[in-house]
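Welcome! Try each task on your own before you read its solution.

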Amino acid sequence: MANSSFCYTEELTNLTTKLSSKSSVTPSAIIFTLGVTGNLLAIFLLVRHSKTHKWRVFYRLVAGLAATDLFGILSSSPLAFIVYNNNFRWVGGQPTCDYMAVVLIFASVSTMLIATSMSLDRFFALWFPYKYKSLEKKRRVHVILASLWVFALLVACLPLVHLGHNVRHFPCTWCFFDYFGTNITDVIYSILYASLGILTIVTSSVINILVFISVANKVNYTSKKLSMRSRRGQRRAKRNEFFIMTFIIGILLTFAICWLPLMVNIIHDNLCVIFRVYHAFTIDK
């Protein structure tokens, strides 16, 4: 991955010439179109089939996930397109860079936390069904979503209070925190963000394995103990559970493929920085 310092170390004319000849707005435009279309379609289907799912907790979390991702795309992509149109010259200075970084960090952290909450919801619904039904209240999910959003916003705003700082990244059309930084605050924030991401992915993976075990056990029990009519009803319910699990795992795989390598690389690079500093300190001492 190209170092973000590339956006600052060369003369602006040379930089924009190189970027203009090698980078195209087309991939970003395609991703933007697919992201907006996919999230709008998800929200439309949720509303259209609301009588079927009755806005149970899981589906409210799905709506929150789609709304969060849509917000992140619509709030950050226009600025990137403006930079593309401005021959890769950044507009608005550091304030707009901080704005984009806050939006992207907020959306990514929120999405990871909501996806984990969806896995937890299925876990408690299948492993502790009676307790889950007695505690299930649709209003509580709104409190959970609001809490996750507030937490994600606090994490995103930490660079604004100098725990880390935000910089442009290659191809200099977007801003994120400086995970190549060598300052102690940059290192702390980078490890905090990456650890949070890895923790959510690992937690969701373990929970989903337990959910699959529960679904498989119930399917085996159903095939042996229930009547034919009851089996059909239970099979429909289990198909629905498998559909939900497939949806959750799809989100999890997306994060694992797109974000996990970056977060592992962040952890590795920043631990190397800590080791080099510690080694230099011990030698000087």
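## Exercise 1: The disulfide

The link of Cys97 and Cys175 is left-handed, with -110° about the S-S bond. This is a predicted model, and every value here is computed from it.

**Task.** Find out which parts of the chain the disulfide of Cys97 and Cys175 links.

**Solution.** 
- Step 1: Begin with the bond itself, where the sulfur atoms of Cys97 and Cys175 are 2.0 Å apart. A disulfide needs its two cysteine sulfur atoms within 2.5 Å.
- Step 2: Cys97 sits in helix 6 and Cys175 in strand 2, 78 residues apart, so distant parts of the chain are linked.
- Step 3: Check the surroundings. Cys97 is buried at 2% relative accessibility, and Cys175 is buried as well, at 0%.
- Step 4: Look for others. A search of the whole structure finds 1 disulfide.

## Exercise 2: Two aromatic pairs

**Task.** Work out how the rings of Phe71 and Phe106 are arranged, and how those of Tyr179 and Phe180 are.

**Solution.** 
- Step 1: The structure holds 17 aromatic pairs. In one of them, the ring centres of Phe71 and Phe106 are 5.9 Å apart and the planes are at 90°. Planes over 60 degrees apart count as edge-to-face, and this pair is edge-to-face.
- Step 2: Phe71 belongs to helix 5 (residues 57–85) and Phe106 to helix 6 (residues 93–127), so their pair ties together parts 35 residues apart in sequence.
- Step 3: Compare the exposure of each ring's residue. Phe71 is partly exposed at 42% relative accessibility, whereas Phe106 is buried at 13%.
- Step 4: Turn to Tyr179 and Phe180, whose ring centres are 5.0 Å apart with planes at 50°, so this pair is tilted. Tyr179 is buried at 4% relative accessible area, while Phe180 is partly exposed at 23%.
- Step 5: Widen the view. Tyr179 and Phe180 belong to one aromatic cluster, whose members also include Trp174, Tyr189 and Trp259.

Methods:
Residues are numbered from 1 along each chain as its sequence is written. This is a predicted model: local features need pLDDT of at least 70, side-chain atom pairs count only at pLDDT 80 or more; totals for chains, interfaces and linings use all residues. Side-chain values use heavy atoms; hydrogens and water are left out. Rings of Phe, Tyr and Trp (its six-membered ring) pair if their centres lie within 6.5 Å; planes under 30 degrees apart count as stacked, over 60 as edge-to-face and the rest as tilted. Helices (H or I, at least four residues) and strands (E, at least two) are DSSP runs, numbered from the N terminus. Buried means under 20% relative accessible area, exposed over 50%, partly exposed in between (1.4 Å probe, protein chains only).
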